[in-house]
Amino acid sequence: MFDVIMDYLHLSQSEINAIALSIKVALVSISMSLPFAIVVAWLLARKDFWGKAIINGVIHLPLVLPPVVIGYLLLISMGRNGIIGRYLLQWFGFSFGFSWHGAALASGIVAFPLLVRSIRLAIENIDFRLEQAAQTLGASSLRIFFTITLPLSLPGILSGMILGFARSLGEFGATITFVSNIPNVTQTIPLAMFSFIETPGAENSALRLCIIAVVISLISLLISEWLAKRTQQKLGQTDVRN
């Protein structure tokens, strides 16, 4: 089905590879980030501890730091000769450098604050008295989390996932700094557009990828709204409007 659509749009193989890789990287980055984002969001929303402001600031750093800085930090820490990356390569034969795994890692880090923020706001908007009532009835903290907190925060989780996906899809600076711009290996939509813009006569390819990126992001946002409303209806939280 995917190949049929790409043929209909008259896309070149390099464009198809860039689109497929971008979707793959975005999905993997969000899937791997989600469990950590839920835990961090819950801690920030429900717990008070020393250093909370510092941790919150560090988590949101990717929103204000230049993406190139994030890519450089990843390069010196997780690259083939990085502080951590050299041991990953030596012990496990695995490296984030110059591979799509590195692109997913960079995209996940850049999108992580958006994911955490959406989930945290959703948890903070849950009536804390519901959790207190369950606790007085003898429910454990773990049971309260999985039966009350997590289901009620599902709209925020879905919204954060979609925002994170869209942000991962458009990641450029950290990716090109960390894993370079290698066709069919690390070249996502933004990196492919960068290459086409610099190539004489390839302006149409850049335009097609630009339109596709806009369409995918718009569809993602529409799906996010639909899923959020559907989830709210199931939880009985929607208002009936005439």
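1. Let's start with the space inside. The largest pocket holds about 580 Å³. A pocket here is an open set of points on a 1 Å grid over the protein atoms alone, where a 1.4 Å probe fits, with protein on both sides within 12 Å along at least five of seven lines. Grid points are joined across faces, edges and corners, and the volume is the space filled by probe spheres set on the points. Of the 22 residues that line the largest pocket, Ser33, Leu105, Gly108, Ile109 and Phe112 are the closest to its centre; a lining residue has an atom within 4 Å of a point.

2. Before you go further, a word on the source: this is a predicted model, where local features need pLDDT of at least 70 and side-chain atom pairs count only at pLDDT 80 or more, while totals for chains, interfaces and linings use all residues. Residues are numbered from 1 along each chain as its sequence is written, and side-chain values use heavy atoms, with hydrogens and water left out.

3. Which elements line the largest pocket? At least two residues each come from α2 (13–46), α3 (52–59), α4 (61–64), α5 (67–78) and α7 (100–124). The top contributor is α7, with eight residues. Helices and strands are DSSP runs numbered from the N terminus, helices being H or I with at least four residues and strands being E with at least two. By class, the lining of the largest pocket has 18 nonpolar residues, four polar and no charged.

4. Now the second largest pocket, with about 320 Å³ of space. Its lining has 15 residues, and Phe165, Ile216, Ile219, Ser220 and Ile223 lie nearest the centre. Two or more lining residues come from each of α2, α10 (154–169) and α13 (203–234). Here α13 gives the largest share, seven residues. The lining of the second largest pocket is made up of 13 nonpolar residues and two polar ones, with no charged residues.

5. Of its 242 residues, 41% count as buried. Buried means under 20% relative accessible area, exposed means over 50%, and partly exposed is in between (1.4 Å probe, protein chains only).

6. On the surface, look for a nonpolar patch made of Ile54, Val58, Leu61, Leu63 and Val64, which together have about 470 Å² of accessible area. Such a patch joins nonpolar side chains (Val, Leu, Ile, Met, Phe, Trp, Tyr) within 5 Å, using residues with over 30% relative accessible area and no salt bridge. The areas come from the Shrake-Rupley method with a 1.4 Å probe, and for residues only the protein chains shown count as cover. Both α3 and α4 supply at least two residues of the patch, and the largest share, three residues, belongs to α4. Val64 is in helix α4, and counts as exposed because its relative accessibility is 66%.

7. How many salt bridges does the structure hold? There are six, each a side-chain nitrogen of Lys or Arg within 4 Å of a carboxyl oxygen of Asp or Glu. One of them pairs Glu131 with Arg46, with the closest N and O atoms 3.0 Å apart. Glu131 sits in helix α8 (residues 128–136) and Arg46 in helix α2, so this pair ties together parts that are 85 residues apart in sequence. Glu131 is buried, at 8% relative accessible area, while Arg46 is partly exposed at 21%.

8. Two other salt bridges are worth a look. Asp48 pairs with Lys52, the closest N and O atoms being 3.4 Å apart; Asp48 is exposed at 73% relative accessibility, but Lys52 is buried at 19%. Asp127 pairs with Arg129, and there the closest N and O atoms are 2.9 Å apart. Asp127 is partly exposed at 32%, whereas Arg129 is exposed at 59%.

9. A last stop: Ile16, in helix α2. Is Ile16 buried or exposed? At 9% relative accessibility, Ile16 counts as buried.

Conventions
Nonpolar A, V, L, I, M, F, W, Y, C, P; charged D, E, K, R; others polar. Patch = residues over 30% accessible without salt bridge, like charges linked within 9 Å, V, L, I, M, F, W, Y side chains within 5 Å.
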